[in-house]
Amino acid sequence: MGRGNHSSVTEFLLLGFSKLPELQFLLFLLFLIIYLIILMGNVLIILVTTVDHILQTPMYFFLRNLSFLEICFNTVTVPKILVILSTENKSISFAGCFVQMFFFLVFGAGECFLLGAMSYDRYLAICNPLRYPILMNRHMFISLAGGSWCLGLMVAIIQTIWIFNFPFCGPNGIDHFFCDTPPVLELVCADTYLFELYALMGTILVIMVPFFLILLSYVHIISTILKMSSAEGRKKAFSTCSSHLTVVTLFYGAAILTYLRPKTGYSAESKKLLTLSYILLTPLLNPLIYSLRNSEVKEALRRTLCQKTLTSSSKEILS
């Protein structure tokens, strides 16, 4: 990680909450509660879909990967936000900012591609049910998940190394909650035209291409479901897709509004509110959506709880 020959900045200040000093304690409690719910909800999904033998399918393999990504995605940003709110220490080192941005991009871009892979899985399951076990074999779903992680890693390596090789001559105040690319780029004292052009193309590739592929998949999925003669079959097909479609709408909607809207015409505060919905609200709703709207997950949770209860009772009787 180079800093260029003219960098004088050795640390940054995260100033996202500077205008809300009287609310910092309440915000700390709110963000802490949300973070704990995100952790517990996603860990629960990982445990239930791992333990229950009925859920050992590609769909739930992707769901476990999504839950793990959400945990990592939030852990990159939220603990530092909690430190700032509780101690008012807004500083983050140059290297710390680099690391935070790098992993934020790895997990954020990885989630974009993973949601695309999940839509392809649903497309094959509903539009090609007879060939689904052959097409979505173990090698295929592991490759799709691994490819999502690798593409996220590639995006993060290129973008983070490029931006942190620009000179930072001061000031060092980032008007944001964490080291995201747009607010850090504002502090660069050099011509960033080529990087901004790359960032626009990269954002379109990472966000819009998977999003349009997901839309295309769901056009075929919905068309196939409507042609089903069985009402029960239609209901089951819609049930397996509704959770993923809801998550896609929330995730991509927030991402598009955050990174692809015009720079002018929007205040910095509105951008920060959008970012909060992107890093907190969407991950908070994901486990709730997949647990409350997915009958198979709810049944698996009941089976797991019943099994644990029976095991505990048996141990008590034997003792």
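Helix axes are lines fitted to C-alpha atoms over the stretch in contact, and angles between N-to-C directions run from 0 to 180 degrees. The legends below describe a predicted model.

**View 1. Helices α2 and α5 in the predicted model.** The axis of helix α2 (residues 58–87) comes within 10 Å of the axis of α5, and the two cross at roughly 20°. Angles under 35 degrees count as roughly parallel, and α2 and α5 are therefore roughly parallel to each other. The crossing in which α2 passes α5 is right-handed.

**View 2. Helices α1 and α2.** Helix α1 (residues 24–51) and α2 have axes that come within 9 Å and cross at roughly 160°. This angle makes α1 roughly antiparallel to α2. The contact of α1 with α2 is made by 20 nonpolar, 8 polar and 2 charged residues. In passing α2, α1 forms a left-handed crossing.

**View 3. Helices α3 and α5.** The axes of α3 and α5 cross at roughly 150° and come within 7 Å. Residues of the contact of α3 with α5 comprise 24 nonpolar and 5 polar, with no charged. α3 passes α5 with a right-handed crossing.

**View 4. The largest pocket.** The space in the largest pocket amounts to about 1200 Å³. Its lining has 41 residues, of which Thr 181, Pro 182, Ala 199, Thr 203 and Tyr 259 are the closest to the centre. By class, the lining of this pocket consists of 25 nonpolar, 8 polar and 8 charged residues.

**View 5. Helices that line the largest pocket.** At least two lining residues come from each of α3 (94–127), α5 (138–164), α6 (181–185), α7 (193–226), α8 (231–259) and α9 (268–292). The most is given by α7, with 11 residues of the lining.

View 6. In the model, residues 92–120 are 93% helix and 7% strand, with end C-alpha atoms 40 Å apart. Residues 242–261 are 90% helix and 0% strand, and the end C-alpha atoms of this span lie 27 Å apart.

Key:
Residues numbered from 1 in each chain as written. Predicted model: local features only at pLDDT ≥ 70, side-chain atom pairs only at ≥ 80, totals over all residues. Heavy atoms only, no water. Helix = DSSP H or I, 4+ residues; strand = E, 2+ residues; numbered from the N terminus. 1 Å grid on protein atoms, 1.4 Å probe; cavity = no way out; pocket = protein on both sides within 12 Å on 5 of 7 lines; lining within 4 Å. Points joined across faces, edges and corners; volume = space filled by probe spheres on them. Nonpolar A, V, L, I, M, F, W, Y, C, P; charged D, E, K, R; others polar. Left-handed = near helix turned anticlockwise from the far one by under 90°. Parallel < 35°, antiparallel > 145°, perpendicular 65-115°, else oblique.
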